[in-house]
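I opened the model today to look up its charged pairs and its overall fold. My notes follow.

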Amino acid sequence: MINIVLVEPEIPQNAGNIVRTCAATGCKLYMVRPLGFELDDKKYKRAGLDYFPLSSINVVDSFDQILEANKDATFYFASTKSKHTYAEVTYPDGCFVVFGKESYGLREDLLK
(Lines give C-alpha, C1' and ligand atoms only; values in the text may rest on other atoms or scores of the structure.)
Protein backbone atom coordinates (compact mmCIF):
# COMPACT_ATOMS: atom_id res chain seq x y z
CA MET A 1 0.00 0.00 0.00
CA ILE A 2 1.17 3.49 -0.87
CA ASN A 3 0.37 6.53 1.27
CA ILE A 4 -0.58 9.74 -0.55
CA VAL A 5 0.00 13.08 1.20
CA LEU A 6 -1.57 16.34 0.08
CA VAL A 7 0.17 19.25 1.77
CA GLU A 8 -2.25 22.18 2.11
CA PRO A 9 -4.55 21.23 -0.78
CA GLU A 10 -6.49 24.20 -2.13
CA ILE A 11 -9.01 22.91 -4.67
CA PRO A 12 -11.86 20.79 -3.30
CA GLN A 13 -12.53 19.00 -6.59
CA ASN A 14 -8.90 17.89 -6.87
CA ALA A 15 -8.91 16.50 -3.33
CA GLY A 16 -12.23 14.73 -3.96
CA ASN A 17 -10.86 13.14 -7.13
CA ILE A 18 -7.82 11.93 -5.20
CA VAL A 19 -10.15 10.40 -2.60
CA ARG A 20 -11.74 8.36 -5.41
CA THR A 21 -8.35 7.32 -6.77
CA CYS A 22 -7.18 6.25 -3.32
CA ALA A 23 -10.35 4.21 -2.81
CA ALA A 24 -9.83 2.47 -6.17
CA THR A 25 -6.14 1.73 -5.56
CA GLY A 26 -6.17 1.01 -1.83
CA CYS A 27 -3.91 3.95 -1.01
CA LYS A 28 -4.17 5.73 2.32
CA LEU A 29 -4.68 9.51 2.04
CA TYR A 30 -3.31 12.19 4.34
CA MET A 31 -4.29 15.85 4.02
CA VAL A 32 -2.19 18.43 5.83
CA ARG A 33 -3.87 21.58 7.15
CA PRO A 34 -4.59 24.29 6.37
CA LEU A 35 -7.00 23.05 3.73
CA GLY A 36 -8.27 25.48 1.12
CA PHE A 37 -11.81 24.19 1.68
CA GLU A 38 -14.02 22.70 4.36
CA LEU A 39 -14.47 18.94 4.50
CA ASP A 40 -18.20 19.45 4.09
CA ASP A 41 -17.68 21.53 0.91
CA LYS A 42 -20.20 20.36 -1.71
CA LYS A 43 -17.58 20.43 -4.51
CA TYR A 44 -15.27 18.17 -2.47
CA LYS A 45 -18.10 15.79 -1.62
CA ARG A 46 -19.40 15.72 -5.19
CA ALA A 47 -15.93 14.93 -6.59
CA GLY A 48 -15.46 12.15 -4.02
CA LEU A 49 -18.93 10.76 -4.75
CA ASP A 50 -19.70 7.64 -2.75
CA TYR A 51 -16.05 6.71 -2.24
CA PHE A 52 -15.57 8.27 1.18
CA PRO A 53 -16.60 5.10 3.09
CA LEU A 54 -14.14 3.10 0.95
CA SER A 55 -11.25 5.49 1.62
CA SER A 56 -8.81 5.88 4.47
CA ILE A 57 -8.52 9.63 4.95
CA ASN A 58 -6.49 11.29 7.71
CA VAL A 59 -6.41 15.05 8.21
CA VAL A 60 -3.40 16.24 10.22
CA ASP A 61 -2.26 19.63 11.46
CA SER A 62 1.31 19.44 10.16
CA PHE A 63 3.55 17.43 7.89
CA ASP A 64 5.85 16.91 10.88
CA GLN A 65 3.15 14.71 12.45
CA ILE A 66 3.42 12.33 9.51
CA LEU A 67 7.22 12.34 9.62
CA GLU A 68 7.30 11.74 13.37
CA ALA A 69 4.86 8.82 13.19
CA ASN A 70 6.68 7.22 10.24
CA LYS A 71 10.37 7.73 10.94
CA ASP A 72 11.51 4.64 9.04
CA ALA A 73 9.29 5.14 5.99
CA THR A 74 10.46 6.14 2.53
CA PHE A 75 9.19 9.49 1.27
CA TYR A 76 8.98 10.69 -2.33
CA PHE A 77 8.31 14.36 -3.00
CA ALA A 78 6.57 15.35 -6.24
CA SER A 79 8.12 18.46 -7.73
CA THR A 80 8.64 20.05 -11.12
CA LYS A 81 12.24 20.57 -9.96
CA SER A 82 12.96 16.85 -9.68
CA LYS A 83 15.61 15.13 -11.78
CA HIS A 84 13.43 12.02 -12.12
CA THR A 85 9.84 11.43 -13.17
CA TYR A 86 7.29 9.50 -11.13
CA ALA A 87 7.52 6.66 -13.67
CA GLU A 88 11.22 6.08 -12.93
CA VAL A 89 10.53 5.03 -9.34
CA THR A 90 9.67 1.64 -7.91
CA TYR A 91 7.47 2.47 -4.95
CA PRO A 92 8.01 0.18 -1.96
CA ASP A 93 5.11 -0.93 0.18
CA GLY A 94 4.32 1.63 2.88
CA CYS A 95 6.07 4.55 1.18
CA PHE A 96 4.68 8.08 1.11
CA VAL A 97 4.22 10.15 -2.05
CA VAL A 98 3.93 13.82 -1.11
CA PHE A 99 2.26 16.52 -3.23
CA GLY A 100 2.22 20.24 -2.53
CA LYS A 101 -0.56 22.75 -2.92
CA GLU A 102 -1.79 23.46 -6.42
CA SER A 103 -0.70 27.12 -6.57
CA TYR A 104 2.84 26.67 -5.25
CA GLY A 105 3.90 23.05 -4.89
CA LEU A 106 6.00 21.94 -1.94
CA ARG A 107 7.89 24.35 0.28
CA GLU A 108 11.64 24.45 -0.29
CA ASP A 109 12.36 23.23 3.26
CA LEU A 110 10.44 20.01 2.53
CA LEU A 111 12.31 19.42 -0.72
CA LYS A 112 15.64 19.68 1.08
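I started at aspartate 109, which is exposed at a relative accessible area of 51%. The model is predicted, and I read every value below with that in mind.

Which residue does aspartate 109 pair with in a salt bridge? I found arginine 107, with the closest N and O atoms 3.0 Å apart. Arginine 107 is partly exposed, with a relative accessible area of 35%.

I then searched the whole structure and got five salt bridges. One of them joins lysine 81 to glutamate 108, with 2.9 Å between the closest N and O atoms. Lysine 81 sits in the loop between strand E4 (75-77) and strand E5 (96-99), and glutamate 108 in helix H4 (residues 108-111), so this pair ties together parts 27 residues apart in sequence. I looked up exposure too: lysine 81 counts as exposed at 57% relative accessibility, while glutamate 108 counts as partly exposed at 36%.

Next I checked lysine 71 and glutamate 68, whose side chains form a salt bridge at 3.0 Å, N to O. Lysine 71 is exposed at 60% relative accessibility. Glutamate 68 is exposed at 52%.

I also took the charges together. The chain has 13 positive and 15 negative charges, and their mean positions lie 4 Å apart.

Last, the fold. I count four helices and five strands, in the order β-α-β-α-β-α-β-β-α from the N terminus. The radius of gyration is 14 Å, close to the 13 Å of the globule rule for 112 residues, so the chain is as compact as a globular protein of that length. I noted 30% of the 112 residues as buried.

Definitions and conventions: Residues numbered from 1 in each chain as written. Predicted model: local features only at pLDDT ≥ 70, side-chain atom pairs only at ≥ 80, totals over all residues. Heavy atoms only, no water. Helix = DSSP H or I, 4+ residues; strand = E, 2+ residues; numbered from the N terminus. Rg over C-alpha atoms; globule rule 2.2 N^0.38 Å. Buried < 20%, exposed > 50% of the residue type's maximum accessible area, 1.4 Å probe, protein only. Lys, Arg positive; Asp, Glu negative; His and termini not counted. Charge placed at Lys NZ, Arg CZ, Asp CG, Glu CD. Salt bridge = Lys/Arg side-chain N within 4 Å of Asp/Glu carboxyl O.
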